[in-house]
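These are my notebook entries on a single protein chain. I set down what I looked up, topic by topic.

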Amino acid sequence: MRKNRKIPKTMSVVASNTMHIGAVILMLFVMVILNILASSSCQQQHKEIGEKERELAKLEDSYTRESTRWEEMKTPERISVALRNHGLMMDIAGPDRIVRVRKNGRLLEGQISVKKARSKLASNSLMGVPRQTIYRRHRR
């Protein structure tokens with residue numbers, strides 16, 4: 001049978017020092033692995049952010065181009081060309097043909113179109129044309 005022997009003190013110190021060194025090495029290994037994983041995750045997120053920023057830049061460029069194109073299409077010349085292309089005999093209303101009305105139905109004062117209509121009405125009444133005829137013609 002085996003005898004229980006006492007372990008010499010030098011042997012126990014070496015074993016405990018080896019265990020401490022092993023624990024430190026294991027902790028360093030775990031920290032290196034965690035650092036590599038964190039770095040990899042950060043790099044992946046950095047790539048995704050870069051892709052999203054490039055996509056955003058493309059969309060902003062596209063928006064700028066389309067808004068510029070829309071502004072060009074809204075010019076009176078382009079609208080007239082588009083109306084002619086569609087076979088419509090229309091033109092953009094000038095300031096003398098636009099009438100602005102308040103919510104209560106009264107006309108806003110100082111409008112070119114109102115002044116022009118009143119002067120035309122006055123000249124027609126001087127010529128003997130009844131007022132009702134003029135109003136009926138404009139109501140259609």
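**Entry 1: secondary structure.** Read from the N terminus, the order is α-α-α-α. I note at once that this is a predicted model, and I therefore turned to confidence next.

**Entry 2: confidence.** I looked up the mean pLDDT of the protein chain, which is 81, with 79% of the residues reaching 70 or more. Which helix has the lowest mean pLDDT, and which the highest? Helix H4, residues 131-139, has the lowest mean at 47, while H1 has the highest at 90. I then examined residues 133-140, where pLDDT stays under 50. For this stretch the model has four contacts beyond four places in sequence.

**Entry 3: burial and contact range.** I took the burial figure for the protein chain: of its 140 residues, 7% are buried. The accessible surface of the protein chain comes to about 13,700 Å², and carbon and sulfur atoms supply 60% of it. I also checked the sequence range of the contacts. Among those between residues at least 6 apart in sequence, 0% join residues at least 24 apart.

**Entry 4: a nonpolar patch.** I searched the surface for nonpolar patches and recorded one formed by Leu26, Phe29, Val30, Ile33, Leu34 and Leu37. Together these residues have about 580 Å² of accessible area. Leu37 is found in helix H1, which covers residues 9-73. Is Leu37 buried or exposed? Leu37 counts as exposed because its relative accessibility is 53%, and the cut-off for that class is over 50%.

**Entry 5: salt bridges.** How many salt bridges does the structure hold? I found two.

In one of them, the side chains of Glu66 and Arg69 meet with an N to O distance of 2.8 Å. I asked how this pair is placed along the helix. Glu66 and Arg69 are three residues apart in helix H1, so about one helical turn separates them. I looked up the accessibility of both partners. Glu66 counts as partly exposed at 42% relative accessibility, and Arg69 is partly exposed with a relative accessible area of 46%.

Another salt bridge joins Lys74 and Glu71, whose closest N and O atoms are 3.5 Å apart. I repeated the accessibility check here. Lys74 has a relative accessible area of 41% and is partly exposed; Glu71 is partly exposed as well, with a value of 46%.

**Entry 6: the loop between H2 and H3.** I moved on to Gln111, which lies in the loop between H2 and H3. Is Gln111 buried or exposed? Gln111 is buried because its relative accessible area is 10%, which falls under the 20% cut-off. What does Gln111 touch, leaving aside neighbours within four places in sequence? I listed Ile98, Val99 and Arg100 as its contacts. For Gln111 and Ile98 I also noted the separation: 13 residues in sequence and 8.4 Å in space, C-alpha to C-alpha.

Leu108 lies in the loop between helix H2 (76-85) and H3. Its relative accessible area is 30%, and I therefore recorded Leu108 as partly exposed. Again leaving aside neighbours within four places in sequence, I found Leu108 in contact with Arg100, Arg102 and Val114.

**Entry 7: a residue of helix H3.** I ended with Arg118, which lies in helix H3, residues 112-126. Arg118 is partly exposed, with a relative accessible area of 46%. Not counting residues up to four places away in sequence, Arg118 touches Leu107 and Glu109.

Notes:
Residues numbered from 1 in each chain as written. Predicted model: local features only at pLDDT ≥ 70, side-chain atom pairs only at ≥ 80, totals over all residues. Heavy atoms only, no water. Patch = residues over 30% accessible without salt bridge, like charges linked within 9 Å, V, L, I, M, F, W, Y side chains within 5 Å. Areas by Shrake-Rupley, 256 points an atom, 1.4 Å probe, with all protein chains shown as cover. Salt bridge = Lys/Arg side-chain N within 4 Å of Asp/Glu carboxyl O. Helix = DSSP H or I, 4+ residues; strand = E, 2+ residues; numbered from the N terminus. Buried < 20%, exposed > 50% of the residue type's maximum accessible area, 1.4 Å probe, protein only. Contact = heavy atoms within 4.5 Å. pLDDT = per-residue confidence, 0-100.
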